[in-house]
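Here is a walk through one protein chain, meant for someone meeting it for the first time. Have a look at the sequence and the fold, then read on.

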Amino acid sequence: MPQWVKVTTAIVSILVVGGLAFAGFWYFRLQSNISRAPLSAGNGSTQSAVNDSTDRMQILILGSDTRDGKNSEYGTAAESSGYGQSDVMMLMDISADNKRVNVISFPRDLLVDIPECKDPKTKQVFPARSGVMINEAMAQAGIGCAVDTVNKLTGLQVDHFMMADFNAVKELSNTVGGVDVCISDAVYDPDSRLRLPKGTSAVEGEMALAFLRTRHAFADGGDLGRIKAQQGFLSSLTRKIKDDGTLSDPAKMLKIADVVTQNLTVDDGLASVPSLLTIGNRLKTIDISKVAFVAVPTTTAVSDANRLQVAEPAGSQLFSALRKDVDLTDPTAPTPSPSPTDGTTASPAPAPTTTAPAVPPYDKAAQPISVANGSGVAGRSQEIAQVLKAGGFTQLGQLEAQPVAQSVVYYGTQFANVGADVAAMLGIPAAQVLPAPAFPGVQVYLGEDFSKGTTYGAATLPNDIVNQTAGDTVCQQANPLLIVRG
């Protein structure tokens with residue numbers, strides 16, 4: 001064998017072995033960094049495990065206020081008992097097609113109902129509680145209890161969680177070289193140690209943490225101003241990482257991954273380097289204008305003027321839209337069709353008879369259509385009948401019917417095309433248009449899933465529900481009481 005071949009082979013061998021050793025080192029380092037905890041505190045999940053690569057995914061992101069270890073300088077252990085409280089709580093909702101992300105913030109002062117939770121370590125069971133601040137959900141029984149509480153509040157099913165502590169914020173902001181934030185006036189908050197001039201500043205380390213922790217520096221000094229500042233920080237961080245090409249740079253990603261995993265606790269299903277990399281890969285191509293930051297609508301709590309409660313109907317509208325996978329930046333965009341229910345529809349209700357079958361093309365005004373109200377809401381059949389009348393179907397009947405969960409359009413023999421047209425007019429999916437051979441015409445049987453509005457599945461959302469997208473640069477309004485004059 002020629003000498004140059006031997007030398008080349010040796011060099012290649014060294015590089016391959018060295019590369020494998022390097023990759024192995026980082027894999028085991030990152031894997032050993034990760035801490036884990038159960039996803040639920042005994043309440044379980046009503047859905048099967050998601051495919052982290054292809055399914056819609058909801059991740060509860062928590063910031064712990066624990067004062068243990070490196071966080072002891074921010075207070076004593078007595079200020080954060082048990083597992084600690086959630087200083088930050090956000091739900092990140094990634095669409096199945098990776099084209100949009102919703103980030104929903106929950107104010108720490110929000111009063112909620114916490115379900116019964118079991119401590120996974122001690123096996124102690126803590127009874128359900130009502131009217132408790134949401135940041136207390138994990139203090140007794142761990143992070144899984146916070147997950148169960150969010151599930152109960154929203155009607156969603158959280159797939160994973162990630163919890164970081166104070167040190168994670170400092171280290172991450174240092175690693176990316178600072179995060180740009182903007183405020184309307186120079187401000188100083190002695191409690192959080194935040195001191196910034198008017199305009200845009202790059203914050204990192206302690207100042208980045210102070211920006212996120214301050215409870216008094218923005219707006220009226222309440223939790224909602226703090227939430228908007230946190231959302232502004234994350235928007236800026238998202239833009240920086242995207243602009244710097246960090247998600248496509250292995251060296252930068254390794255550095256960030258090392259910093260983050262040292263201060264991160266995740267659920268068992270996410271506790272592996274490949275799983276975390278999968279999440280990162282899904283996020284790197286998302287258009288930042290489709291990363292929507294939202295706060296749960298709230299109002300002053302009736303029971304305590306210093307606390308918040310979910311504002312209705314805005315809160316229910318938001319949670320319903322999330323369950324339907326609505327694009328919050330464009331609620332009019334098409335959404336996936338709802339899944340069939342488990343047999344909670346009913347047979348068509350009795351309706352007036354007719355002897356006028358429909359043969360294409362047909363006269364809409366001659367078609368017998370009935371609207372059966374099984375929605376549980378008075379007056380719904382009349383509302384829907386008006387829509388059909390405006391669409392040309394004038395031979396209409398209305399009746400009250402047994403409540404059902406899912407709306408269905410039934411059609412008799414030779415009325416299939418009429419049934420399809422009626423369903424399309426109301427936005428009812430084709431899977432919910434069913435034959436009823438003995439039925440003389442078409443019937444729209446309204447269910448509880450169509451209790452409002454005139455288009456099935458259409459989202460009703462509060463005005464301006466999106467505070468900002470990751471593509472927006474927002475200047476936070478300083479609290480007048482903390483503005484530094486001169």
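This is a predicted model: local features need pLDDT of at least 70, side-chain atom pairs count only at pLDDT 80 or more; totals for chains, interfaces and linings use all residues.

Residues are numbered from 1 along each chain as its sequence is written, and side-chain values use heavy atoms, with hydrogens and water left out.

**Confidence.** The score here is pLDDT, the predictor's confidence in each residue, from 0 to 100. Its average over the chain is 83, and 83% of the residues score at least 70. Residues 337-343 stay under 50, and the model gives them eight contacts beyond four places in sequence; a contact means heavy atoms within 4.5 Å. Residues 352-359 are also below 50, with 13 contacts in the model beyond near neighbours in sequence.

**The sheet.** Helices (H or I, at least four residues) and strands (E, at least two) are DSSP runs, numbered from the N terminus. Strands count as paired if DSSP finds at least two bridges between them.

Zoom in on E2 (residues 57-64) and E3 (residues 86-94): they run antiparallel and are joined by eight bridges. In this pair, Gln-58 stands opposite Asp-93 in E3.

**A loop residue.** Where is Ser-272 found? Ser-272 sits in the loop between strand E14 (264-267) and H7. Ser-272 and Gln-31 are 241 residues apart in sequence, yet their C-alpha atoms are 6.2 Å apart in space. Leaving out residues up to four places away in sequence, Ser-272 touches Gln-31 and Ile-34.

**Helix pairs.** Two packed helices are described by the angle between their axes and the distance between the axes. Axes are lines fitted to C-alpha atoms, for helices over the stretch in contact, and angles run from 0 to 180 degrees between N-to-C directions.

| Pair | Axis distance | Angle |
|---|---|---|
| H9 (residues 380-390) and H10 (residues 416-426) | within 10 Å | roughly 110° |
| H4 (residues 205-213) and H5 (residues 223-243) | within 8 Å | roughly 140° |
| H3 (residues 166-175) and H6 (residues 250-261) | 9 Å | about 170° |

Angles under 35 degrees count as roughly parallel, over 145 as roughly antiparallel, 65 to 115 as roughly perpendicular and the rest as oblique. The contact is made by Ile-384, Val-387 and Leu-388 of H9 with Val-422, Met-425 and Leu-426 of H10. By class, that is six nonpolar, no polar and no charged residues; Ala, Val, Leu, Ile, Met, Phe, Trp, Tyr, Cys and Pro count as nonpolar, Asp, Glu, Lys and Arg as charged, and the others, Gly among them, as polar.

For H4 and H5, the angle is roughly 140°, which means H4 is oblique to H5. From H4 come Ala-208, Phe-211, Leu-212 and Arg-213, meeting Arg-226, Ala-229, Gln-230 and Phe-233 of H5. This contact has five nonpolar, one polar and two charged residues.
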